[in-house]
Structure formats: structure tokens, C-alpha cells
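Dear colleague,

Please find below the structure that I am handing over to you. My notes on it follow directly after.

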Amino acid sequence: MPAKQQLDKLSWQWTETVQPEAVTREHVELAYRIGLDPCQRNICRRNCKGNPNCLIGLGEKEWLCDIDEDKWHEIEDPNLERRQKDSFVGLKNLGATCYVNTFLQVWFHNRSFRRALYKWQPLQLCALSSAHNQSGSSSSSETLTPTCICSHLQLLFALLQFTNRRYIDPSGLVNCLGLDAALQQDAQEFSKLFMSLLEETLSQQTQPDVRNIIQQQFCGQYAYVTRCNNCGNGSERPSKFYELDLNIKGHRELKECLGEFLQDEHLEGSNQYLCDCCKTKQNATRRIQLLSLPPVLNIQLLRFIFDRQTGTKKKLNSFIQFPEVLDMTPYLPKEDLDTIYELTAVLIHRGPTAYSGHYVAHIREEGVWHKFNDEEVERIEGRNLKLGSEDDLQDSGVKLGKRPKNIKGFHASKNAYMLVYKRKTPETQPDTSQVDVISEATLPAYLQALIKQDRQQFEDWAMDMTNMREKSIANGKARHEEVTRLYLMLPPKPGETYEWLRSDWLKHWLNTNNSTPCKPIDNSDLRCCHGNLDPDKIQDVKRVTQEAAAVLLSKYGGGPSLTANNLCLKCVREQCHLMRLKTNLNEDSKFVAGATKSKLDPGSPGFWLGKSSLRNWRKKVLQREEQNESRQDDPSQPDDKEGQADESAIEEIFNGELLCPHNNLSTNETLRKLVSIEVWQRLRRYFPDAPEFDQDQQMCQICRAQEEEEQQENNLRILMATDQKTALSQLFNDRHRPSWDKKDMMEVYAISRPFVEQWREFVRQPLKVSPQNAVNNSMLLCHHDKFIFETGYMDELAQNMYALVWPHEWVFISKNFQVDFTIRIHQKVESLENGQMQTLISEPESCVECIAARHSQANLERKEYSGARIYIRKIAMELTSAGPALVEDDQKGASEGLSKDTDPDFFQVNGAKRLKTSSDCESVRRSSRHRKVRGEKEVIVSSTNTLKELKIKVMHAFSVAPFDQTLVLRGLQLADNAATLSSLGVEPECVITLKVDMPLTEDPLVMDEIYRASNVPEEGFKGTGLLGSGL
């Protein structure tokens, strides 16, 4: 099939020989491409937009072949959610509850703990059972539902063991605990609080193996031993522990962490020990002595540390090596055969910071390691624990240490935060926890009933999903048959009646799946102004049989119908006229362009033609044709000739730019060009009403007289500006200006600064800026008609409001300009016994009341501000060692500006160029705008912002975490994070020095996590059930 451009040309090629009024039905069908051959399948690779008979490539390919049943539904096989045989069950992540799921899996796989929890009974059930036993009636415990933390945990464990689901929902327990599922909490704190709550709850049970299960499984004992170095006497304070909290900072191996935990602490100096035997304070040593270890040894690696200065947590991403078999014999006072422990679980936190990331658990069950990742439970092939894959997911934005070498029997991880070791059972003694099998029949009756109820709910859900799948498949097959049948009906045969349908709707119909309804057919925008099919929209439609169109319209609705009777003869004739016009325009455009390249020969007759009209005459012709077509389509539109009197309408007229406001030839000779008579005649055929000016036409005399008057006025302005510049040259050039520290300044006059600036603009550009006539000094007086500024002092506001002029300058100003108020400032000399005293006096006098009010308002604005700018300047680390004095000098240099020869990131102190002040030279008005330098960024703050909030903004600007920032203002370090900027002396436009304590982290995700954590105060588990009763 030819390309679209070729099809367009072939469809309208007949217009070269046919006049618009001679267009027939045959020509109309050629324009609508009725006779084009339809494309053949396997030959046409994609749909031909220019061929309305091409029905290939609309999306029919998949319908004309066999379709798999899985295509007809979007519902996954419910059996994929069914638990596989001999597999473990996952826990659903409710948003940010992965830290809860990891601990629940670890506790579930402790069979002794699980078995004891199954024996737990609610207090009301115990009382109910006792009453029923006394009365001899049966118990109704099968209707019991979980209402407390223990009952929810009991049901959760039962479902983890006996459910037929792939994963279960722990929302019952999470809601009972009152946890926010969208907030990730401290996992180690959760473990401690939950175990404490369980111990309190289980202590009220009557069965000893249930009441004491926490102590039996997890509780060990150590003593704080303090021994006097003088007499050797010591004291011991025993204490229970459920976890060993080990510091990992600066350590590489677990044994080093244990060694630091148990090492001696020397009590000396002000921290001496008061010995009972010596009766005085003595040097002593203090240490922790392990006394007994529990069957399950939980070791918390303190990977998350608290920064007291910033109030946020950091994560230590250092590698720790730990063994599979842990021998605790060296850490106990006496040898014990039960001190060998095997690694049974490793809890992992993946993520660079303490405020985000993901928690997973690696648990060994019956010698095989499994990874529990919320809903997904993966069996780790082989006997080795693969922690490297978890560490590889660590964010690359954080600098990490080197991974230790792999040693047999050891593992290393930079993300492990808890290790669970279980006491190894001697070979001669069987492990009763592994031998006793927990069967469903041994569970309480109400748990069995809840398990059966859960199974039935899952089976009912699976059955519903299966039925929905089968229904979707049946509907899909029916649609397959229907679409195939209708598509084969679409191509019309020669002589068969046809209709037009949208191409995009056919594509939508053929590419819509079974579950998505197909939209109605909308042919409304395909119609022309005559209500027929627009020939310009032929690339958007397809020609189909009338029978197929009727079926589709009846099924999906829409319209209107466009049949063979809707081929528009008027549109084809208009298009024919336009195409013939374009052909003539191309020929005339080539002639005009060639004839106007060079100037006419001297003496040759010609006509004046506007340059703009010469450039755009072809465009004007086409625009006029479009306006005529739209006017024919809508006769209610106004005629453009009615507005020709308007100036803008004149410019739209061909050659109208040569008309002056008096309808004569314009005096602006740059707008026109002399063209030959042949060129003008060709253009005149298109624009018969265009204004005509031959080469002998005289220009408008009225316009000439006006231009002469304007020229005279301009000459007067230039002369006025020259005279004023000569008389006030020093004021214009801002040189040798009056200054309060000049000894010879006895008398000056104040003049408004806006007048001076506007007068200078007039002198610079007298033809563009209007001359100044009056000096408005009333703005310098208060409502008391007094001078509102202090004499002898020029602050920033005063410099912006008025300038000082010499007496001879004031004489010229007062003669040549209208002055509303004269403000004279002079020195009064009084003779005293010890000399003379000079006093500055203004006429009118300065208003003390208004000046004091203005200063008071300025001080208030410096302390109470909103949306003000301050500047943060980062300095190099080498400069910070010079002390506060250097930083203070840097601040002064920053506020005054830097030399062009000075590197702005490294401030020069000794030998730096000092900026000139008013005492060194003549008074110069400087810009009040702060000059930013390299290494400095702008921050918008308010006086009520705290220092912590400022550090967060600095973090966004420099990618420096708040806890790595040291901010210095005027030589003093800003340290109180809770203090407001106003109380710390931070004012608008001030410069604060930033010292970076650690290497920057450029990771935007890490910065965003720190930002969110800094904005939300840590409340931990406040308000949850972990801090209350679990009954």
C-alpha cells in the first residue's frame, strides 16, 4: 500500500483538471477513497490509516486463533494461596508490621513456648469450666472468640501450625496491641515490651508450666559484682535478664562484644566506691558476672544507637561475625555441660537508616534454614545460612566496612540485629521439645472450632474464586465467538451497502478484555459542517458492511450512522477550489520571489508595496479563504469590512501598512519597497481592494508636519538634559557627595531619592523618559511636618529615601524645579570655655517621636519575622580548627562582601583587603542586596522556627544530616535544638557558618528518611497495649 502522502495525492490528483463546479459523484468517491483495494492478511504488517478499506492490524490477530483459557480471567488460581504440604505459613504485612512478623515467627518455632501457650486458658473460661464441672453440664467453650492478647497469640500460633492458607492475617493481634500498622517501630523495644507483657499475663495462670514458661525458656541471671581494690571485699547484686544487649560499635566478632559486656569497669576519682569494710571511698572494679543461662539465649546486637544531640537514632552498618555453635563456658564462673548453644534464628534489618527498611527472619527448623519474609517463606537450599544476599540489598549510599573472610562455622552480617541461640541437647539426652508432637486434637475445643471455621472460610473463598474463574472463561469463549463472527462480517463486497465506523473505536473493541465494558460508538466529531462525513477525517474511519455496523450499534449504542449517502459534495468542491488555489499560489509565489530579489532599474515604472505584505501575501490569501469558508458555514458571523476604519483593521489589509492615519502614503520609507508593474498586477488579482501607490505618489503632508514638531520637542529635551547634566554633573555621576564626616560641610540640603533616580534616568535617556518637573520632599516629613530622619546618621532606609546636595546645587534645583518643601541641614558652632562645639540642625527640625517609633519597629521586625532570608555558608574543615575568632572574622567578611580575587569558600583573614567605609572615603550609596558567594545557599525561615527545624532545612540544601551539622553565628555555636531562631539572635539577612562533622551522604532516600524522622517526635509504643495489661 502506498504511503499516506501518496494516497492523499492520488485521491485529489483529479483537481488539476477539474473545476469545482464540475465535480461529480465519481470524483467524490475518489476523494473518499472508496475504490482502494483492501489490504490482505500476512501482507500488510500494520493498519493503513490512509486506506478506509484496510481492516488489518486493528487487534484482530489474537481473536482469529485459538485462545488459552487463562486469557479470559484476571483471577489467580485460588490454589496458589493454599498451603503446600510440609511447608511453613507466612504472616501478612499490614503496612509496616514486618518487625512484628519476624518475632512472631521466632516465638512460634519455639515448640516449648508454643506448647505452653496452647495450654493457656482465659480466666473467665477457667471460672466457667469450674462452674460447669460442679453442675455436671457440658462447657460451651466452642463459641469463645479471642478478646485479649494471649488469646490472639494462641489463635495465631494455632493457625500458623494447622491452617490450610499460605499465609495468615495477624491484624487481630496487632489491633489488640493497639499498634499503628503504618508506623515502623523499634523492633528490639517491641520484643522487650511484648515478653514483659506476656510474663505478666501468664503469671495469673494456674498451671506451673504455663505460668513460668517465660522464665523457663528465656530468663537467665547475672550479678553486678563490685570489689574493693584495697581490702578485696566485694558485693554482689543479682539480676534477671531475658536478653543480652551487646554493643557492636568498634567490634568485628561476637566474642569481642561479649568480652566488652563482661569486662571490668574501674571506679576511680570522683566515681570511687564506698567500701563497707574500709568505711571510706576506695578505688574498685565493677563487672557483670553471668550466673546462669536460659535454654534460649537471645542476643540483641545494639545496631541502632541514639544520638542525644539530635534526638534521632542511627544505624551501625558494620559487619559482625558470629558462630553457629556458641560455647559460653568461658563466660561462666564454673564449668557446665549445658553451656553449648546452637544458632537457631537470625533477625535481619535491611535498610541504611533506623527509620525505614524491612525486617526478615532466618530460622532453622529440624536442621534446615528457612527465610521468613512476611507472606513469603523460602526454604534455603543446603545447610549453610546465606546472609550475603540480604546484605547485598543494602543501600549503596551508606559507606560500609569490609566483609570478613568466610570461616567455616561462622557467619557475618551488617544487618543482623538479633541472634537466637538454643542450648544444645547432649546426645545421651533426648530433646523432649522435638519428640513431643503437637497435634490438633490436643488443642482446646474452642481453638479447634476456630481452626475449622478458618478452614471452611478459606474453602468457601476458594470455591467462590473457582466459580468466578469458570464464569469468566465461559464469558470469554462467548465473546471470542462473537468478535470472530463480527470481524469476518466487516469487509464490504463490491456493490454492497456500507457504513463508516471510527478506526480507534474498532481498535478499542478488538483490544478490550472480557471484564472491561466497551464504550459506545461516537461518530459526532467525524461530521463536517454540512452534517456529512468530513473528507479530511477519512484517515480516522473504516468502511464496513451495513449489516455489521447495525449489529455493533445495537449492541454498544452510539451514532450517528454515516452511510454511503453521507459523502459530502460541498466539502469536496471546497477542497477542490482550495487545492487549485494553492497550485496557482505556488506559481505566483515563485514569480514574485524571483522578480523582487533585485531593485528596479532607474526610470522603470513601479508601485510601492509594503514589505510585510510582500512577505505574508500568500498567508493572507489562505486566511481569507478560510474565513470565507467559515462565513459560508455560519452566515451569522460579522463581515470584516465593517471594521476597516479601525487602525488594527487597516494593518490587516494587504498593503495597509503604507497607509497613515489620514489614509495617505506613510512617511516611514522603511516599510515599503518598489516593485514592478507585473508583480503588482499579479498580487492585485488576489487583493483587488488593496490601496495603490505608484512611485510618484507624495507622502502625507500632515504627518510630515507632525514629525517636524516631534523633532523640535526632542531637540529641546536633549538640550535640557545636557544643561542639567552640566550644572549638576557631580550629582549625576554621584561624585564628591556631602558626607557627615567631612569637616568642611557646613550646609547641605536634603532631596528625595526617587527624584534623583528618575532625574538621572531622564538625563541618560531624554527621548525615552519624561523630564522631571517637581521635587517631592513631603515624603521626608512626618505627620507633625518635621524631618523624619536623624541628622548626622545615614542608615539603609535613609540612603533609600533622600540624598544630600550642596548649596550651589540646591540653588539650581530650586530655580529649575518646583520644590514643595525645603529641608536645610547646617552646622551651628557655639563657643565654650574649652573650645567650640558643632551641632547639626535641620530646618524643619528632626521629629524625635517618629524617629524613636521607627527604630522600635525596626528592632521588632528583626526579632519577629516570617519568610525571611538567611544565608548558610559551608566552610572547609581546615578552617574550623582556627577557633571561634576565625569563624567570627569569616562572618564579618561575609556580611561586607568579598574581593574578586578571594576564593569565597576559603576566607582570607590576614592580609585581606578591608572594604572602605564612610570614614575612609566619600559617602557612597551601596546596594542593600546580599551578595551570595560560592559555597553559600539561601534558606527561608521565620523567627518562631526552632534550631532543629533550621537544621532540617539545611539538610535539604546541603545533604548533611542534622546530627552532622555544627552551626556558628557570630563566633558562637548554636546548640539548643529546641530554642527559637529569635532567641538565638538569628536575624534576617544574617550569615550562618556550617561545619560538617562527617562525610556527606548524597543519597536522597536516606535524607528523606532522616527528614521524616526529624519532623515526627518519637513516642515509641506510647498509647499501645504493650504498656498496659494484656488480660
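Glu265 stands opposite Arg286 in strand E9. Strand E9 covers residues 284-292 and is joined to E6 by three bridges, the two strands running antiparallel. Strands here are DSSP E runs of at least two residues and helices are H or I runs of at least four, numbered from the N terminus; two strands pair if DSSP finds at least two bridges between them.

The model is a predicted one, in which local features need pLDDT of at least 70 and side-chain atom pairs count only at pLDDT 80 or more, while totals for chains, interfaces and linings use all residues. Residues are numbered from 1 along each chain as its sequence is written, and side-chain values use heavy atoms, with hydrogens and water left out.

**Two sheets**

E6 and E9 belong to an open sheet of four strands, ordered E4-E3-E9-E6, with antiparallel pairing. At its edges are strand E4 (234-241) and strand E6 (265-267), each of which pairs on one side only. On average, neighbouring strands of this sheet are turned by 25° against each other, direction ignored. Axes, here and below, are lines fitted to C-alpha atoms, for helices over the stretch in contact, and angles run from 0 to 180 degrees between N-to-C directions.

A further open sheet has five strands in the order E34-E33-E37-E35-E36, and its pairing is mixed. Strand E34 (936-941) and strand E36 (972-974) are its edge strands, each pairing on one side only. Within it, strand E33 (residues 868-874) and strand E37 (residues 991-996) pair in the parallel sense over four bridges, and Arg873 stands opposite Thr993 in E37. Helix H29 (residues 947-958) lies across E33, E34, strand E35 (965-969), E36 and E37, and runs at about 140° to E34.

**Helix packing**

Two packed helices are described by the angle between their axes and the distance between the axes. In what follows, contact means heavy atoms within 4.5 Å. Angles under 35 degrees count as roughly parallel, over 145 as roughly antiparallel, 65 to 115 as roughly perpendicular and the rest as oblique.

Helix H3 (residues 98-108) packs with helix H8 (residues 187-202) at an angle of about 50°, their axes being 10 Å apart. H3 and H8 are therefore oblique to each other. The crossing of H3 past H8 is right-handed; a crossing is left-handed if the near helix is turned anticlockwise from the far one by less than a right angle, and right-handed if clockwise. On the H3 side, Tyr99, Val100, Phe103 and Trp107 meet Ala187, Phe190, Ser191, Phe194 and Met195 of H8. The contact of H3 with H8 has eight nonpolar residues, one polar and no charged, where Ala, Val, Leu, Ile, Met, Phe, Trp, Tyr, Cys and Pro count as nonpolar, Asp, Glu, Lys and Arg as charged, and the others, Gly among them, as polar.

H3 also packs with helix H6 (residues 149-162), at an angle of about 75° and with the axes 11 Å apart. This makes H3 roughly perpendicular to H6. Leu104, Gln105, Trp107 and Phe108 of H3 make the contact with Leu153, Leu156, Phe157, Leu160 and Gln161 of H6. By class, seven residues of the contact of H3 with H6 are nonpolar, two are polar and none is charged.

Helix H21 (residues 701-727) and helix H23 (residues 753-764) have axes that come within 9 Å and cross at roughly 125°. They are therefore oblique to each other, and H21 passes H23 in a left-handed crossing. Arg717, Met720, Ala721, Gln724 and Lys725 of H21 make this contact with Trp759, Phe762 and Val763 of H23. The contact of H21 with H23 divides into five nonpolar, one polar and two charged residues.

**Local backbone features**

Most residues other than glycine have a negative phi, and most peptide bonds are trans. The peptide bond from Gly559 to Pro560 is cis, with omega near -5°, and Pro560 is found in the loop between strand E24 (558-559) and helix H17 (569-595). Another cis peptide bond joins Glu843 and Pro844, with omega about 5°; Pro844 lies in the loop between strand E32 (835-843) and helix H26 (848-863). Asp374 is not a glycine, yet has a positive phi of about 55°.

With kind regards
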